[in-house]
Amino acid sequence: MAQLYERYASIVYSVALRVLGDTGAAEDILQEVFMQLWRSPDVFDASRGSLAGWLAVITRNRAIDSLRKRRPETGIAEMVVSIEPDLAGSTDWSRMLERIRGVLGSMPQPQRSALEMAFFDGLTHTEIAERTGEPLGTIKTRIRAGLLTLRKAFNR
Amino acid sequence: MSAHEQFADDLALDALSALGGEDRLALEKHLETCPACRQEVEQLRVDVSLLALSVSGPTPPSRCRERLMAAIAKESRRSRARLSKPMAWWRVLEWGAAVAAVALVALLLRQNRDMRGHIAELESNSVAQQQQLVQAKELMATLTSADAVHFTLVAGKTPPQPQGKAIYVRSSGTLVFLASNMPQLPPQKIYELWLIPPSGAPIPAGLFRPSPRGSATVIKPPLPPGVEAQTFAITIERAAGSSAPTSQPILVGTRG
C-alpha cells in the first residue's frame with residue numbers, strides 16, 4: 001500500500017482538490033479512496049485498465065458526492081476505466097500528462113469549459129446550459145466532441 | 001460509433017455522470033437492449049479518465065501518508081482481533097468438546113459399571129431360578145416317578161387308609177394334589193377331584209387313576225385364579241369325568 005500511495009497519491013489528491021477546491025476535504029477523499037483500495041484491492045481489475053485512470057475517476061466521483069453532501073452513489077467496483085499505455089512508468093506518465101494537457105489546451109474554450117464543468121464541477125448538462133446560457137443541444141454536442149477529441153489524440 | 005445517433009450525445013454525458021432527468025431514464029432503458037451503445041459508453045469513460053488525469057500535479061502533505069498508514073495499522077489490528085475471536089471461540093468449542101468427551105466417558109463407565117452390576121444380578125437371579133427349576137423338576141420327578149415308593153406313616157397297628165393332600169395357591173389358582181392308598185377302580189370309573197368354594201357349586205379340579213400301589217398326583221389342573229377353596233373332595237365318576245359330582249365324596253378335606 002505504501003508503494004501504491006507513493007505512486008498514485010498525487011493523482012488522487014489532485015483530482016479531489018480540483019473538484020472540491022479545499023485541501024482538507026481533498027485529504028479526506030484521499031484517505032477514503034486509499035482505505036477503500038486497501039480494504040478491497042480486488043475491485044480493481046488490472047486486465048481492464050490502468051490503476052491511475054481508475055483511481056482518478058473514482059476520486060472524482062467521491063469528491064462530487066462529497067461536494068453535493070450526499071452519500072456515495074458510485075461504488076468503486078462499478079467503475080471500468082482503461083488507459084493505454086499503462087502509466088506506471090514515470091516517463092510514460094509525464095509524456096501522457098503533457099499530451100492530455102496539450103489536447104485540452106487546444107480545445108475551443110467553450111468545449112473545454114463544458115467538459116470541465118461536467119466532470120470537475122459535477123454539473124448536469126441542464127445546469128451547464130443554465131449557467132452558460134447555451135442551448136441544451138449545444139452543451140451535449142460540445143461535451144461529446146471534447147471527449148472524442150481526447151480519444152482521437154490517443155488513437156483510441 | 002454507435003448506430004443510434006439519437007443517443008450519441010447522451011452517451012457522452014452519461015460517461016461524465018452529467019446526464020439527468022428524463023434523458024437519463026430514456027438512455028438507461030435503451031442501454032438495456034443495445035450492446036453497441038453500452039460499448040460506446042465504456043469507451044467514453046476511458047476518454048473521461050484522460051480528462052481526470054489532466055489535473056494531476058499537486059502533491060498531498062506528508063501528514064496524509066502518516067494518517068493513511070496509521071488508519072491501515074489500526075484496522076489491521078481490528079481485523080486480527082476479529083480473526084482471533086473465532087479462534088478463541090473454536091478453542092472454547094474444542095475445550096468444551098474435550099470436557100464433554102470426558103463427561104461422556106465417565107457416564108459410559110458408570111453405565112458400564114451399572115450394567116455389569118445388573119448383569120451380575122440377572123446372572124445371580126438366573127442361577128437361583130435355575131436351581132429352583134432343578135429342584136422343581138426333581139420334586140416333580142419324585143412325585144410322578146413310576147419307581148417312587150410311597151410310605152404312609154400311621155399310629156400303631158392301624159391299617160393304611162386312603163388319603164389325599166391338596167396344596168392350593170388361591171391367587172394363581174395353582175393346585176398340587178397327592179393321594180395315597182387309593183383303591184383301584186374299574187376302567188369305566190375314575191377319581192375326580194373337586195374344589196368346593198364357600199358358596200356355589202363344586203369346581204372340577206382334575207381326574208386321576210391311582211398307580212398299582214394306590215398313589216396318584218394331580219399337578220396344576222386348570223382352575224380359575226382367585227377362587228377361595230373351603231373344601232377339597234374326591235368322588236368316583238364315569239371315565240370321562242363329570243362337570244358336577246354325581247356321587248358321594250369318598251375323601252373330604254377342609255383347610256388345616
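These legends walk through several close-up views of a predicted model.

**View 1. Chain A is built from helices.** Start with the overall make-up of chain A, which has seven helices and zero strands. Followed along the sequence, the pattern reads α-α-α-α-α-α-α. Chain A has 156 residues, and 40% of them count as buried. Among the contacts in chain A with a separation of 6 or more, 66% join residues 24 or more positions apart.

**View 2. Helices α1 and α2 of chain A cross each other.** Here you see helix α1 (residues 2–20) of chain A beside helix α2 (residues 23–39) of chain A, with axes that come within 8 Å and cross at roughly 135°. That angle makes α1(A) oblique to α2(A). The crossing of α1(A) past α2(A) is right-handed. On the α1(A) side, look for A:Y5, A:A9, A:V12, A:Y13, A:A16, A:L17 and A:L20. From α2(A), the contact takes in A:T23, A:A25, A:A26, A:I29, A:L30, A:V33 and A:F34. Sorted by class, the contact of α1(A) with α2(A) holds 13 nonpolar residues, one polar residue and no charged ones.

**View 3. Helix α5 of chain A meets neighbours from both chains.** Helix α5 of chain A spans residues 109–119, and its buried residues are A:A114, A:L115, A:M117, A:A118 and A:F119. Within chain A, these buried residues pack against α3 (51–67), α6 (125–132) and α7 (136–153). They also pack against α3 (35–53) of chain B.

**View 4. A closer look at A:A145.** This alanine sits in helix α7 of chain A. Is A:A145 buried or partly exposed? A:A145 has 16 other C-beta atoms within 10 Å, so it is partly exposed; a buried residue would need 20 or more. A:R112 is 33 residues away from A:A145 in sequence, yet their C-alpha atoms are 9.7 Å apart in space.

**View 5. Chain B touches chain A.** In this view, 38 residues of chain B are in contact with 47 residues of chain A. On the chain B side, the elements that give two or more residues are α1 (8–15), α3 and α4 (62–144). Which element gives the largest share of the side of chain B that touches chain A? That is α3(B), with twelve residues. The chain B side as a whole divides into 22 nonpolar, nine polar and seven charged residues.

**View 6. Helices α1 and α3 of chain B pack together.** Two packed helices are described by the angle between their axes and the distance between the axes. For α1(B) and α3(B), the angle is about 50° and the axes are 8 Å apart. The two helices α1(B) and α3(B) are therefore oblique to each other, and their crossing is right-handed. B:L11, B:A12, B:D14 and B:A15 of α1(B) make the contact with B:C37, B:E40, B:V41, B:L44, B:R45 and B:V48 of α3(B). Seven nonpolar and three charged residues make up the contact of α1(B) with α3(B), with no polar ones.

**View 7. A hairpin in chain B and its neighbour strand.** Strands β1 (residues 163–169) and β2 (residues 174–180) of chain B pair in the antiparallel sense over seven bridges. B:G164, for instance, stands opposite B:A179 in β2(B). Four residues lie between the two strands of this hairpin, and B:G173 in the turn has a positive phi of about 70°. β2(B) is also joined to β5(B) by four bridges, again in the antiparallel sense. In that pairing, B:F177 stands opposite B:V218 of β5(B). Side chains alternate along strand β5 (residues 216–219) of chain B: B:A216 and B:V218 point to one face and are buried.

**View 8. An open sheet of four strands in chain B.** The strand order is β4-β3-β6-β7, with antiparallel pairing. β4 (203–208) and β7 (251–254) of chain B each have a single partner strand, so one side of each is left without a neighbour in the sheet. From one strand to the next, the twist averages 25°. Strands β3 (residues 189–196) and β6 (residues 231–238) of chain B run antiparallel and are joined by eight bridges. In one of these pairings, B:L195 has B:F232 of β6(B) as its bridge partner.

Conventions: Residues numbered from 1 in each chain as written. Chains lettered and ligands numbered in written order. Predicted model: local features only at pLDDT ≥ 70, side-chain atom pairs only at ≥ 80, totals over all residues. Axes fitted to C-alpha atoms, helices over the stretch in contact; angles between N-to-C directions. Parallel < 35°, antiparallel > 145°, perpendicular 65-115°, else oblique. Left-handed = near helix turned anticlockwise from the far one by under 90°. Contact = placed C-beta atoms within 7 Å. Nonpolar A, V, L, I, M, F, W, Y, C, P; charged D, E, K, R; others polar. Buried ≥ 20, exposed ≤ 12 C-beta atoms within 10 Å, placed from the backbone. Pairing = 2+ DSSP bridges.
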